[in-house]
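Me: I've got a model open and I'd like to talk through how it packs. Can you take a look with me?

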Amino acid sequence: MAGLRAAAPAAWAPCRSWCSAAASFGLHRGLRALLAQSPERVPRWLPGCRQKASLSILKRPDLPNLAYKKLKGRSPGVIFIPGYYSNMNGTKALAIEEFCKSLGQAYIRFDFSGIGSSDGILRDCTLGKWRKDVLSIIDDLADGPQILVGSSLGGWLMLHAAIARPEKIVALIGIAAATDSIVTQFNQLSVEARKEIEVKGEWIISSRCSEQVSHIPYSFIKEAEHHCLLHSPIPVNCPIRLLHGMKDDIVPWQTSMHIADRVISTDVDIILRKDSDHRMKEKADIQLIVCTIDDVIDKLTTTA
């Protein structure tokens, strides 16, 4: 049965080598130790997060070339899958890179086709095409077992990747995972609203928590219907951690509950943050993310 943890909105202290308490954390030391930390401790490493890996290009003869940055290091490797319209230079992607570098852990971040420094036209992109992008990164760049960290739409794609590459994906960490979300929310609109979106050719979604506005092509929504997962059991059997803010007004936190119910894995934890929104990019959110990664790495390496 999936575990549920409600995380208080405190400032989380760094894990492992990032603080003096790291060496004594022990098994699953990350979250347990962090919960005992005082809220006055503010992470000093966040302002120093910098791009450490040089930009590289994955050339694909029949598909758009993908821009990526890769750190060589220990196994299991970590791959960050960004959300819709997001690129590999976001706060979470850079913070995870800094964390993996401090551990000597292998890490890859990349841009989807049509996004950032990758080739392709965004208007022509679909969930299916981005699924192929993720599999290309796993197949052509990643060495050995991998932990996938999927943010928003990336959380949907990480499940697809785990289904397609079960021998290589050893754990999943979802950050406000948006599995089926675009399709589900579209189908909840009135008939008139859906018809208007079809005629206009796009769905404009704004967030109350930020100035971010998403323009989602109608064609993207219809293609995404072919990749929905929550209607039946999801054949993913690795450890899964689902982090979600309860003030998320883009993807409701109940989506993570639904994912946990559908995956066949029994090693599933849901961690809710009462005051976090969809972006989960505040200092406390970032520390929860990296310490969850730390906990999963520790679990995998001590049970190997």
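Me: How many residues does the largest nonpolar core have, and which ones have the most contacts inside it?

Reply: The largest nonpolar core has 55 residues, and those with the most contacts inside it are Ile 79, Ile 81, Trp 130, Leu 148 and Leu 172. The largest share of this core, seven residues, comes from helix H4 (residues 153–164). A nonpolar core here is a set of buried Ala, Val, Leu, Ile, Met, Phe, Trp, Tyr and Cys residues joined through side-chain atoms within 4.5 Å. Buried means under 20% relative accessible area, exposed over 50%, and partly exposed in between, with a 1.4 Å probe and protein chains only.

Me: Which residues are in the second core?

Reply: That separate core of 27 residues includes Ala 95, Ile 175, Ile 271 and Val 296.

Me: Before I go on, what sort of model is this?

Reply: It is a predicted model: local features need pLDDT of at least 70, side-chain atom pairs count only at pLDDT 80 or more, and totals for chains, interfaces and linings use all residues. Residues are numbered from 1 along each chain as its sequence is written, and side-chain values use heavy atoms, with hydrogens and water left out.

Me: Ok, back to Ile 81. What does Ile 81 touch?

Reply: Not counting residues up to four places away in sequence, Ile 81 touches Phe 110, Phe 112, Val 134, Leu 148, Val 149, Gly 150, Ser 151, Gly 154, Leu 157 and Met 158. Contact means heavy atoms within 4.5 Å.

Me: And strand S4, how many of its residues are buried?

Reply: Six of the eight residues of S4 are buried, so the strand is mostly covered. S4 (74–81) is one of the elements that the buried residues of H2 pack against. S4 also pairs with S5 in the parallel sense over four bridges, and Phe 80 stands opposite Arg 109 in S5. Two strands pair if DSSP finds at least two bridges between them. Helices (H or I, at least four residues) and strands (E, at least two) are DSSP runs, numbered from the N terminus.

Me: Which residues of H2 are buried?

Reply: They are Lys 92, Ala 93, Leu 94, Ala 95, Ile 96, Glu 97, Glu 98, Phe 99, Cys 100 and Leu 103. That is 10 of the 13 residues, so H2 is largely enclosed by the rest of the structure. H2 is followed by Gly 104, whose phi is positive, near 75°.

Me: Last one: where is Asn 65, and what is its side chain up to?

Reply: Asn 65 is in the loop between strand S2 (55–58) and S3. A polar atom of the Asn 65 side chain lies 2.9 Å from the backbone nitrogen of Arg 60. Leaving aside neighbours within four places in sequence, Asn 65 is in contact with residues including Ile 57, Ser 118 and Asp 119.

Technical notes:
Polar contact = N/O pair within 3.5 Å; in protein donor to acceptor, adjacent residues only side chain to side chain.
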